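Here's a protein to explore together. Keep the picture open while you read, and try to find each part as it comes up.

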Amino acid sequence: MLKRIAMVLLLLQIGYAYADDKTQIDNVLNELHDSAANADMNTYFSLYADDAVFIGTDASEIWSLDAFKAYAEPVFSSGKGWTYMPAKRHITVSDSAQTAWFVEMLHSETYGTTRGTGVLVKSDGRWKIAQYHLTIPIPNAIAKDVTSKIKAMEN
């Protein structure tokens, strides 16, 4: 009986730990979007792991953190940033609670509906973004039209 009670308590504790991790990750992602909208470059890039990768919407945009900083610096220095408002987010934490991945639907005045996906890693007790991938989801009804335009540009 005591073993069962101990097991239940352990499972509850693990469940609370995962819930706390998800809250922390949610906060990191919210801070990412807030700092980008406010052109706060220091806060924005402090949320990334040192070896992070940012993958943008263009096929050529696979940036190391330094390359992404170089891209963002003139934008942020002008006092402008970019605004993506989270609409829906799903976070999964690994069994080890050292890695997590997410998918979030975002809204942008410029691009409309966008999607962010990525991976976070826990380092020194803090969650850091290891990879962020911004995409523009294409509705199936217009996918062939869009992909034919992309093919035409590539030729």
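What follows is a quick tour, from the overall layout down to single residues.

First, some ground rules: this is a predicted model, where local features need pLDDT of at least 70, side-chain atom pairs count only at pLDDT 80 or more, and totals for chains, interfaces and linings use all residues. Residues are numbered from 1 along each chain as its sequence is written, and side-chain values use heavy atoms, with hydrogens and water left out.

**The big picture**

The protein has four helices and six strands. Helices (H or I, at least four residues) and strands (E, at least two) are DSSP runs, numbered from the N terminus. Reading from that end, the order is α-α-β-β-α-β-β-β-β-α. Of the 155 residues, 30% are buried, where buried means under 20% relative accessible area, exposed over 50%, and partly exposed in between (1.4 Å probe, protein chains only). The accessible surface is about 10,100 Å², and carbon and sulfur atoms own 56% of that; such areas come from the Shrake-Rupley method with a 1.4 Å probe, and for residues only the protein chains shown count as cover.

**How the strands pair up**

Two strands pair if DSSP finds at least two bridges between them. Strand 6 (residues 126-135) takes part in both of these pairings:

| Strands | Direction | Bridges | Residues standing opposite |
|---|---|---|---|
| Strand 1 (residues 48-55) and strand 6 | parallel | four | Phe 54 and Tyr 132 |
| Strand 5 (residues 112-123) and strand 6 | antiparallel | nine | Ser 123 and Arg 126 |

Strands 5 and 6 form a hairpin with two residues between the strands, and there Asp 124 has a positive phi near 50 degrees.

Helix 3 covers residues 65-77, which makes 13 residues. From first C-alpha to last, helix 3 reaches 17 Å, close to the expected 18 Å (1.5 Å times one less than its number of residues). Where does helix 3 kink? Look at Tyr 71, shortly before the proline Pro 74: the kink there is about 30 degrees, taken as the angle between axes fitted to the seven residues ending at a residue and the seven starting there. Leu 65, Phe 68, Ala 72 and Phe 76 are the buried residues of helix 3. After the helix comes Gly 79, with a positive phi near 90 degrees.

**Rings meeting rings**

The structure holds 18 aromatic pairs. Rings of Phe, Tyr and Trp (its six-membered ring) pair if their centres lie within 6.5 Å; planes under 30 degrees apart count as stacked, over 60 as edge-to-face and the rest as tilted. Tyr 44 and Phe 76 have ring centres 5.5 Å apart and planes at 90 degrees, so they sit edge-to-face. Tyr 44 is buried at 3% relative accessibility, and Phe 76 is buried at 5%. Phe 45 and Phe 68 are also edge-to-face, because their planes are at 70 degrees, with centres 5.5 Å apart. Both of these Phe residues are buried.

**One residue up close**

Is Ile 25 buried or exposed? Ile 25, in helix 1 (residues 2-37), is buried, with a relative accessible area of 0%. Leaving aside neighbours within four places in sequence, Ile 25 is in contact (heavy atoms within 4.5 Å) with Ile 91, Val 93, Ala 100, Leu 120 and Trp 127.
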